Amino acid sequence: MAALKIENIYKKFGSVEVLKGISLDVASGEFLVLVGPSGCGKSTLLNLIAGLETVSAGSIMIGDRVVNDISPKDRDIAMVFQSYALYPNMNIRKNLSFGLETRKMPKAQIQEIVQKVSTLLQIQNLLDRKPSELSGGQRQRVAMGRALARNPKVFLFDEPLSNLDAKLRVEMRTEIKRLHQRINTTIVYVTHDQIEAMTMADRIAIMKDGIVQQFDTPENVYDNPSNRFVAGFIGSPSMNFMPAKVGIDAGQAFLIMDTGNGRSHKLTVPREISPLAPWNDREVIFGIRPEQITEDTKRSRETGKNNIINCEVQVVEPTGPDTLVFIQLNGVEVTCRVHPAAARRPGETMALQVDMSKAIFFHPETGERI
Ligand SMILES: Nc1ncnc2c1ncn2[C@@H]1O[C@H](COP(=O)(O)OP(=O)(O)O)[C@@H](O)[C@H]1O
Ligand SMILES: [Mg+2]
């Protein structure tokens, strides 16, 4: 395994600039997830690391070697794609060993590697089958096995799970993570799925339009998003955003919330987190996650976080462990996450407690975090 250093990478296709100055430092053995909407440049960046494309500017280092001018096969990387690209006419054993044979590795050593890799991925009993005789999940495992067999310094994955059904995707997610914990290879994993990113990554790089918006741990991108794009992209259901007028009274900031039917309510912003001093009498974008607006309980009042609002319930969606309740705040639909037993019916008024210690504020024009 090896560290990976990406420095100020630009990539143009003709006159179109697809990557606009990407820098990422991946530690040896780290699991990096590149996530972002379709077309933001994830695969392009991965292909540059693999050497399948050449950079327009910037440098890529694997270990202590600049690899810009090194051919893909000499970069010590292995790549797993969405389409598994297995050899259809070869059985699984041959699929695993073929790459090693072309590199003239001694037979006994190849046998040992095939044994080890197939045990690790639990495909020992599939070795004599053809790819067409395997399920999607099994093929995916073989594709990973083939990559593993090469003992790469860096492992690259491009949306490897997107062809699998939902249940299998969740299982393979855990399996890849477990695999990483065992072999500890440096991994760069591309996905457009923020849940995959959150659950698998040591660190996440969130991309948009060829620019990294934030490069941080899953916890930090969730709790401390650097801008509105990141805040909205990570988390499901999404963070709520609403325009809100700021007031300041004796140094204490509050937000004025229209809770419907001509009523309004002041939400107090805790002094410890308040960046709002310069915003008195101005509008900001107030961001709050669904789980931070929950049913009012006696306990929540006793702990002194009594930012309680009374709102009319519009729609109710049970998810099982908790129930989503939709209300209107400042003219915007807002999702709240409550205990199933606490949810009121549509049309009823519900008392909701807003945990303002986790509130986040964004600049109304730039979308940057205030
Ligand atoms: N070989 C290419 N020639 C021209 N444009 C390309 C090429 N490869 C990718 N692009 C463009 O670059 C942008 C980023 O593509 P890609 O890296 O595949 O995005 P992602 O993997 O995030 O969905 C897209 O607008 C795509 O059309
Ligand atoms: Mg892609």
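A polar contact is defined here as a pair of N or O atoms within 3.5 Å; within protein, one must be able to donate a hydrogen and the other to accept it, and residues adjacent in sequence count only if both atoms are side-chain atoms. The structure is a predicted model, in which local features need pLDDT of at least 70 and side-chain atom pairs count only at pLDDT 80 or more, whereas totals for chains, interfaces and linings use all residues. Side-chain values use heavy atoms, without hydrogens and water.

In the ligand site, an N or O atom in the side chain of Thr44 lies 2.5 Å from an oxygen atom of ligand 1. The side chain of Lys42 places an N or O atom 2.9 Å from an oxygen atom of the ligand, and a backbone N or O atom of Gly41 is 3.0 Å from a ligand oxygen atom. Taken alone, ligand 1 exposes 560 Å², of which the protein buries 55% (Shrake-Rupley method, 1.4 Å probe). The surrounding residues (a heavy atom within 4 Å) include Phe13, Val18, Pro37 and Ser43. Helix H1 (residues 42-50) gives the most to this shell, with 3 residues.

Val284 is buried, with a relative accessible area of 0% (buried means under 20%, 1.4 Å probe, protein chains only). Beyond residues up to four places away in sequence, Val284 touches residues including Met242, Leu255, Trp279, Phe361 and Ile370 (heavy atoms within 4.5 Å). The C-alpha atoms of Val284 and Lys12, 272 residues apart along the chain, are separated by 36 Å.

Definitions and conventions
Residues numbered from 1 in each chain as written. Chains lettered and ligands numbered in written order. Buried < 20%, exposed > 50% of the residue type's maximum accessible area, 1.4 Å probe, protein only. Helix = DSSP H or I, 4+ residues; strand = E, 2+ residues; numbered from the N terminus.
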